[in-house]
Amino acid sequence: MAKSFQTELKNILAQKATDQEKTGLLEKGIHIKNPTKQTVLAAALYEKAAKGDLSSLKEIFCRIGLQTGEGGGVVLIDDIANKNK
């Protein structure tokens, strides 16, 4: 029986980060003892969010269990584009 896509993806994400990926994390100031490929993806998502990417920020909040939008929780408002109007 063939493994599901979800199982295969989980297996890939659980693999150890390559030396190049570890170096990239260290250069970004991220010090994790045994980083995995999932760590590398989390760091990339964090970087985008830290630069103001609202979809990345929402994804992080969702992944860590914070609500965004209706029903309470964190609400993100992109009003930067409206400052010059």
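1. Along the sequence, the fold pattern reads α-α-α-α. The chain has four helices and zero strands, where helices (H or I, at least four residues) and strands (E, at least two) are DSSP runs numbered from the N terminus. This is a predicted model, in which local features need pLDDT of at least 70 and side-chain atom pairs count only at pLDDT 80 or more, while totals for chains, interfaces and linings use all residues. Residues are numbered from 1 along each chain as its sequence is written, and side-chain values use heavy atoms, with hydrogens and water left out.

2. Of the 85 residues in the chain, 13% are buried. Here buried means under 20% relative accessible area, exposed means over 50%, and partly exposed lies in between (1.4 Å probe, protein chains only).

3. The structure holds three salt bridges, each being a side-chain nitrogen of Lys or Arg within 4 Å of a carboxyl oxygen of Asp or Glu. One of them joins Lys-37 to Glu-21, with 3.2 Å between the closest N and O atoms. This pair links distant parts of the chain, since Lys-37 sits in helix H3 and Glu-21 in helix H2 (residues 19–27), 16 residues apart. Lys-37 counts as buried because its relative accessible area is 18%; Glu-21, at 25%, is partly exposed.

4. Lys-28 forms a salt bridge with Glu-47, and their closest N and O atoms are 3.5 Å apart. Lys-28 belongs to the loop between H2 and H3 and Glu-47 to helix H3, so the pair ties together parts that are 19 residues apart in sequence. Both ends are partly exposed: Lys-28 has 43% relative accessibility, and Glu-47 has a relative accessible area of 27%.

5. Ala-44 is part of helix H3 and is partly exposed, at 35% relative accessibility.

6. The salt bridge between Arg-63 and Glu-59 has its closest N and O atoms 2.6 Å apart. Both residues lie in helix H4, four residues apart, which is about one turn of the helix. Arg-63 is exposed because its relative accessible area is 65%, whereas Glu-59 is partly exposed at 30%.

7. A pocket is an open set of points on a 1 Å grid over the protein atoms alone, with a 1.4 Å probe fitting at the points and protein on both sides within 12 Å along at least five of seven lines; lining residues have an atom within 4 Å of a point. The volume of the largest pocket is about 170 Å³, taken as the space filled by probe spheres set on the points. Helix H3 (37–50) and helix H4 (54–63) each supply at least two residues of this lining.

8. By class, the lining has five nonpolar, no polar and two charged residues. Ala, Val, Leu, Ile, Met, Phe, Trp, Tyr, Cys and Pro count as nonpolar, Asp, Glu, Lys and Arg as charged, and the others, Gly among them, as polar.

9. On the surface, Phe-5, Leu-9 and Ile-12 form a nonpolar patch with about 320 Å² of accessible area together. Patch residues have over 30% relative accessible area and no salt bridge, and nonpolar side chains (Val, Leu, Ile, Met, Phe, Trp, Tyr) are joined within 5 Å; accessible areas come from the Shrake-Rupley method with a 1.4 Å probe. Phe-5 lies in helix H1 (residues 5–13) and is exposed, at 69% relative accessibility.

Conventions
Patch = residues over 30% accessible without salt bridge, like charges linked within 9 Å, V, L, I, M, F, W, Y side chains within 5 Å.
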